Amino acid sequence: MMSILQRYARWLHTGWPAGVVEKLPEAAPDGSTNVRGLYVVGDLTGIPLLKLSADSGARAVQTIGAKTETRDRESRGEGEVKDLVILGAGVAGMSAALEARKEGLDFDVYEASEPFSTIVNFPRAKPIYTYPTEMEPAGEMRFRAAVKEDLVRELREQTIERGIVPRPGRATRVRRSDGQLRVEFEDGQAVSARSVIVAIGRSGDFRQLDVPGEDRDKVYNRLHDPAEYAQKHALVVGGGDSALETAIALARAGARTTLSYRRDEFHRPKPENREQLDQLRREPDSGLRVVLGSEIVAIEDSHVRLSTGAGEERIDNDVVFPILGREAPLDFFRRSGVNIHGEWRLSTQLGYAAHLLAAIYVHHSKTSAGTPISDTLTPTGWFPINLGSPERSSSLLGTLRL
């Protein structure tokens, strides 16, 4: 019985992390948004996993392909609008491009930096985990590599070397015009399409620590080559998989590494990362120290001040890696008219106000004399005064009738 109660309590959310829900664009399971023809795929759907990103990109194109009539494809003329424009040449965007070619759609891919830039910027020799392990994503993109360099090579072989070459361009917004979607770019250019897939990932600014000294030259949001920091004092801040992987890579490269996380325990890291971290913590010569329940107070020239449960601590430091992730590019979606989770639109505000006024109206009309609403409604006999006092009923049908 106790086991059942514990499982039920966990199902009620008591065992899961709590906090503010991250703001992301609202998208249906097929990637569609409130802007007709505009789809969101990849990391912006909320789960940054390679297989799920590829799957979301391919499935969005399958939905678009089903809506693109054969006669529309056959009647296209040179210079007309594209069937599809894909923004972003990461895993999700390039998976969408592979599927678009398979569907016979007229499409272009645009990328602001370089193809697969997120993976290219992973630390050297970073291990690659493809979860869910048993899942076969929709579309043609497949993942077999076990380290970063092999994965980049594998992805390029499946896309760029097969003729899918992105065009350079950073989109600033998408707007609907004359029944089509018009994509506007930073350089003033624009293209029109029947459908647009946004696969730009979390391309917004890096999340900040908001502490004194964060602007020092020794603070980096990415780790490229762990070997550069051998024998140096490194601080990694964060509790996600990327933070754990950064700390593990630094420790293995010979850096004296401190991993600081504000919570008292890590929440749902990949099993491999947790196992490697625990193994390094058990090795006395690994140089890795994990400080849970701590927050960085200030970054100084040769030290960093941490606030822990035991008070403030000052540790030697040569380099700081705040691995806190990036903000979603919400301004792009706001400019494009896409609804954002957790943001109140005008319709939401009006609906809330109407609900509140209705509740006040009904409540005050039922109170005794003395309130303005009650005194006004009593002589008129308007709703809900005209309901009177319902008669008691002993049957279900009688209660429902009342």
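In strand β6, Leu-181 is the bridge partner of Arg-176. This contact belongs to a predicted model, in which local features need pLDDT of at least 70 and side-chain atom pairs count only at pLDDT 80 or more, while totals for chains, interfaces and linings use all residues. Residues are numbered from 1 along each chain as its sequence is written, and side-chain values use heavy atoms, with hydrogens and water left out.

The strands β5 and β6 (residues 180–185) run antiparallel and are paired over six bridges; two strands count as paired if DSSP finds at least two bridges between them. Strands here are DSSP runs of E with at least two residues, helices are runs of H or I with at least four residues, and both are numbered from the N terminus. Together β5 and β6 make a hairpin with two residues between them, and in the turn Asp-178 has a positive phi of about 55°. Val-174 is a residue of β5 (residues 171–177). With 0% relative accessibility, Val-174 counts as buried; on this scale buried means under 20% relative accessible area, exposed means over 50%, and partly exposed lies in between (1.4 Å probe, protein chains only). From Val-174 to Leu-38 the C-alpha to C-alpha distance is 8.4 Å, although 136 residues separate the two in sequence.

Strands of a sheet pair through backbone hydrogen bonds, either parallel or antiparallel.

Four bridges connect β11 with strand β12 (residues 303–308) in the antiparallel sense, and Glu-295 faces Ser-307 of β12 across the pairing.

Turning to charged side chains, a search of the whole structure finds 25 salt bridges, each defined as a side-chain nitrogen of Lys or Arg within 4 Å of a carboxyl oxygen of Asp or Glu. One of them joins the side chains of Lys-270 and Asp-241, with an N to O distance of 3.5 Å. Lys-270 lies in the loop between β9 (256–261) and α8 (271–282), whereas Asp-241 lies in helix α7 (residues 241–252), so the pair ties together parts that are 29 residues apart in sequence. Both Lys-270 and Asp-241 are buried. Another salt bridge links Glu-312 and Arg-305, whose closest N and O atoms are 2.8 Å apart. Glu-312 counts as exposed at 52% relative accessibility, while Arg-305 is partly exposed with a relative accessible area of 25%.

What separates the closest N and O atoms of Asp-331 and Arg-334? The distance in this salt bridge is 2.8 Å. Both residues lie in helix α9 (residues 330–335), three residues apart, which is about one turn of the helix. Asp-331 is partly exposed at 47% relative accessibility, and Arg-334 is partly exposed at 39%. Salt bridges that share partners join Lys-23, Asp-331, Arg-334 and Glu-343 into one network.

Finally, the second largest pocket holds about 290 Å³ of space. On a 1 Å grid over the protein atoms alone, a pocket is an open set of points with protein on both sides within 12 Å along at least five of seven lines, and lining residues have an atom within 4 Å of a point. Of the 16 lining residues, Arg-36, Gly-37, Lys-67, Arg-194 and Ser-195 are the closest to the pocket's centre. The elements giving two or more residues to this lining are β1 (38–40), α2 (50–67) and β7 (190–198).

Definitions and conventions
1 Å grid on protein atoms, 1.4 Å probe; cavity = no way out; pocket = protein on both sides within 12 Å on 5 of 7 lines; lining within 4 Å. Points joined across faces, edges and corners; volume = space filled by probe spheres on them.
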